[in-house]
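Here is a quick tour of some helix packing, written for someone who likes to check geometry by eye. Load up the coordinates and follow along.

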Amino acid sequence: MHDPHVILKVISKFLVPFIALFAFYVQFHGDFGPGGGFQAGVILAAAVILYALIFGLDAAKKAFPPSWIRIGMSLGVLLYGGTGVLTWILGGDFLSYGVLAHDPTHGQHYGIIAVELGVLCSVTTVMIAIFYAFGSRQPEVNEDNW
Amino acid sequence: MNLMSIFSQWIIEQGPAFLIVLPLLMGAVTAVIPNKGMAWWITFFVTIICTYTAFSLFQHVYFDSFLLYTMGGWNPPHGISLIVDGLSAPILLLISVMAVLTVIYALPASISEIEPKKRAPFYAAFLICFAGLMGMVITGDAFNVFVFLEVSSISTYALVAMGAARDRRSLAAAYNYLIMGSIGATFFVIGLGFLFMETGTLNMAEMSDILSELDGGSRVSKVGYGFIIVGLGLKIAMFPLHTWLPRAYAYAPTKITIFLASTATKAAIYLLLRFTFTVFDPSFDYIAIMLKYLIMGVAIVGMAFASFQAIFQSDVRRVLAYSSVAQVGYILLGIGIATSSGLAAGYLHLLNHAVIKGCLFISVGAFWYRFGITRVNDFSGLFKTMPLTMGAFTLGGLSLIGVPFTAGFVSKVKLILAAAEQDMWWAVLVIVFSSVLAIVYIGRIILFAYFGTPPKINGSILVKNEAPLMMLFPMWTLGLMSIAIGVNAFGIGDSFVSASEIAASVLLGERG
């Protein structure tokens with residue numbers, strides 16, 4: 001008994017970390033070039049989805065438990081909103097990143113990075129949630145079962 | 001004391017953003033907290049704080065001037081601006097007050113309606129829906145309106161579907177609403193696309209300036225307006241586009257019906273007003289034609305037709321849902337007349353109808369909570385088994401018909417006067433005819449409740465089974481409120497009327 005998908009498994013095992021790495025490249029490239037949290041989130045989710053396609057949904061659920069999904073979604077929103085709340089506490093308007101550091105330009109940088117991390121968190125988990133929801137659907141009742 | 005004054009100052013400065021951010025973030029927190037009981041308390045306090053904020057903003061707008069808030073310090077037209085003025089402030093206050101009352105009602109109701117596992121997500125979705133409605137009303141950026149419209153709609157679909165724990169038909173209703181609502185949102189955003197093509201901006205104030213410079217713009221902006229009307233019409237449940245509403249209202253969890261009936265369609269009507277009168281201008285010939293023939297036409301037909309349909313419904317929640325479609329007709333009629341008295345009457349009816357329908361749906365919800373049924377025949381003998389609930393229902397019902405000394409009377413008389421001013425006697429006739437139909441469909445329920453015999457349970461007649469206090473409180477608050485508007489107790493009636501007059505003057509550009 002040997003596995004018919006051995007090439008797929010070896011190659012995708014090799015690819016998954018690089019996809020994740022590329023996601024983080026896009027993420028941190030986002031504040032001064034094309035890219036950002038949304039694209040990075042989709043790429044990161046694609047890594048998990050590829051893993052699920054090759055190794056099965058159960059293995060993917062072990063690697064990325066469904067219980068993380070709700071936490072991740074909320075954490076993303078809270079990171080984004082929390083940045084705004086922090087600027088409020090520091091005496092600025094909502095999401096006016098300038099107050100985050102002594103130099104407003106640095107403040108803008110910190111603010112963008114924090115907000116984009118929030119977007120990454122939410123988008124990754126939502127994408128995986130959609131995949132899990134469709135993937136774990138029970139097959140519909142067929143004629144013989146009536 | 002000092003801290004309090006700093007806080008109230010801060011609320012005025014940052015309030016517009018605070019009203020959206022607080023429920024949105026707390027919605028995210030509520031979704032993850034492990035303790036189920038906490039979810040209700042968080043929701044309750046968030047709605048209370050939002051009501052306080054909305055009230056402060058309302059006061060500021062009334063005694064001072066309108067508020068403009070720029071997100072992240074980016075000035076319009078590049079940044080997103082939030083605007084609180086005489087038009088949006090009353091709606092903000094209305095939404096937050098209704099949210100508080102709904103949450104109070106929801107504590108006993110969710111015990112019977114929502115599975116324990118789903119209660120925290122339920123409150124999370126409720127808070128996000130609340131944030132979306134607030135955002136829709138407060139924002140001054142046209143695309144942002146679409147975003148918040150979707151935020152509130154998507155959470156609403158989920159909330160409607162949660163009725164499945166008691167009635168599986170809510171799944172079909174939610175799906176139907178999802179399809180119709182998505183089509184509406186798509187039409188709306190296509191319309192915005194056309195407007196953006198014409199004006200090159202998404203800021204409402206600048207859009208309005210450019211459109212008036214172009215004297216209404218080319219065919220592109222006409223098509224854009226058409227798409228926006230259809231899109232919003234679906235959300236408003238404007239007569240031929242109302243088919244999603246009766247089912248969604250009848251099968252959603254009762255507390256969601258209360259919240260939707262008194263806020264969601266109202267926020268959409270606010271958007272219709274905002275786009276028709278402040279982004280576009282009724283002086284453009286195509287807007288005038290639209291108002292005169294389309295809006296007024298569907299208003300008249302909707303009022304008569306939906307009231308007529310309400311008479312033949314066997315489920316009380318469907319009766320009230322069809323009646324909501326008819327009441328939207330009254331509001332649209334006021335908008336279609338487009339004079340300052342017509343707009344004020346329509347706006348006043350919008351506020352009053354939210355109060356009345358809230359009261360009616362809470363009493364039906366309380367009945368459903370006790371007996372689990374809502375057919376008209378089941379109301380038999382309800383004055384003996386649930387006298388307080390039925391009392392509030394009667395107050396709401398009389399107000400819906402427009403009996404003197406109730407809220408419905410005040411706004412209907414204003415509407416009739418506004419129509420008569422323009423010599424539209426046929427409109428007066430339809431208003432009266434539709435009110436007569438209201439007597440039939442409300443009277444039918446009240447007759448059953450008053451003269452019927454209470455149901456027998458295990459051979460003995462059920463004597464008394466009153467709703468819990470947590471339900472009676474919001475029910476009677478709204479019931480007494482509608483009377484207070486009608487008899488002008490504590491100046492409540494006058495403040496509603498002056499709020500609607502100020503809103504009308506904002507719409508006609510007489511007040512900044």
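## Helix pairs in chain B

H1(B) and H2(B) cross in a left-handed way. Keep in mind that this is a predicted model. The pair is made of helix H1 (residues 2-32) of chain B and H2(B), with axes that come within 9 Å and cross at roughly 155 degrees. Since angles over 145 degrees count as roughly antiparallel, H1(B) is roughly antiparallel to H2(B).

Who does the touching? On the H1(B) side the residues include B:Ser8, B:Ile11, B:Ile12, B:Gly15 and B:Phe18, while H2(B) brings, among them, B:Thr53, B:Ala54, B:Ser56, B:Leu57 and B:His60. Sorted by class, that contact of H1(B) with H2(B) has 15 nonpolar, seven polar and no charged residues.

Leaving aside neighbours within four places in sequence, B:Ser56 is in contact with B:Ser8, B:Ile11, B:Ile12 and B:Gly15. Is B:Ser56 buried or partly exposed? B:Ser56 counts as partly exposed, because 17 other C-beta atoms lie within 10 Å, and a buried residue would need 20 or more. For a sense of scale, B:Ser56 and B:Gly452 are 47 Å apart in space, C-alpha to C-alpha, and 396 residues apart in sequence.

Now for another pair: helix H13 (residues 340-371) of chain B packs with helix H18 (residues 469-487) of chain B at an angle of about 150 degrees, the axes being 9 Å apart. That makes H13(B) roughly antiparallel to H18(B), and the crossing of H13(B) and H18(B) is left-handed. Among the contact residues are B:Asn352, B:Val355, B:Ile356 and B:Gly358 of H13(B), along with B:Met471, B:Pro474, B:Met475 and B:Leu478 of H18(B). By class, the contact of H13(B) with H18(B) has 12 nonpolar, five polar and no charged residues.

Here are the two pairs in a table:

| Helix pair | Angle between axes | Axis distance |
|---|---|---|
| H1(B) and H2(B) | roughly 155 degrees | within 9 Å |
| H13(B) and H18(B) | about 150 degrees | 9 Å |

Next, a bent helix. Helix H3 (residues 88-113) of chain B bends by about 50 degrees at B:Leu107, and a proline, B:Pro108, follows within four residues. H3(B) is also mostly covered, with 21 of its 26 residues buried.

Technical notes
Residues are numbered from 1 along each chain as its sequence is written. Chains are lettered from A and ligands numbered from 1 in the order in which they are written. This is a predicted model: local features need pLDDT of at least 70, side-chain atom pairs count only at pLDDT 80 or more; totals for chains, interfaces and linings use all residues. Axes are lines fitted to C-alpha atoms, for helices over the stretch in contact, and angles run from 0 to 180 degrees between N-to-C directions. Helices (H or I, at least four residues) and strands (E, at least two) are DSSP runs, numbered from the N terminus. Angles under 35 degrees count as roughly parallel, over 145 as roughly antiparallel, 65 to 115 as roughly perpendicular and the rest as oblique. A crossing is left-handed if the near helix is turned anticlockwise from the far one by less than a right angle, and right-handed if clockwise. Two residues are in contact if their C-beta atoms, placed from the backbone, lie within 7 Å. Ala, Val, Leu, Ile, Met, Phe, Trp, Tyr, Cys and Pro count as nonpolar, Asp, Glu, Lys and Arg as charged, and the others, Gly among them, as polar. The bend at a residue is the angle between axes fitted to the seven residues ending there and the seven starting there. A residue is buried if 20 or more other C-beta atoms lie within 10 Å of its own, exposed if 12 or fewer, and partly exposed in between; C-beta atoms are placed from the backbone.
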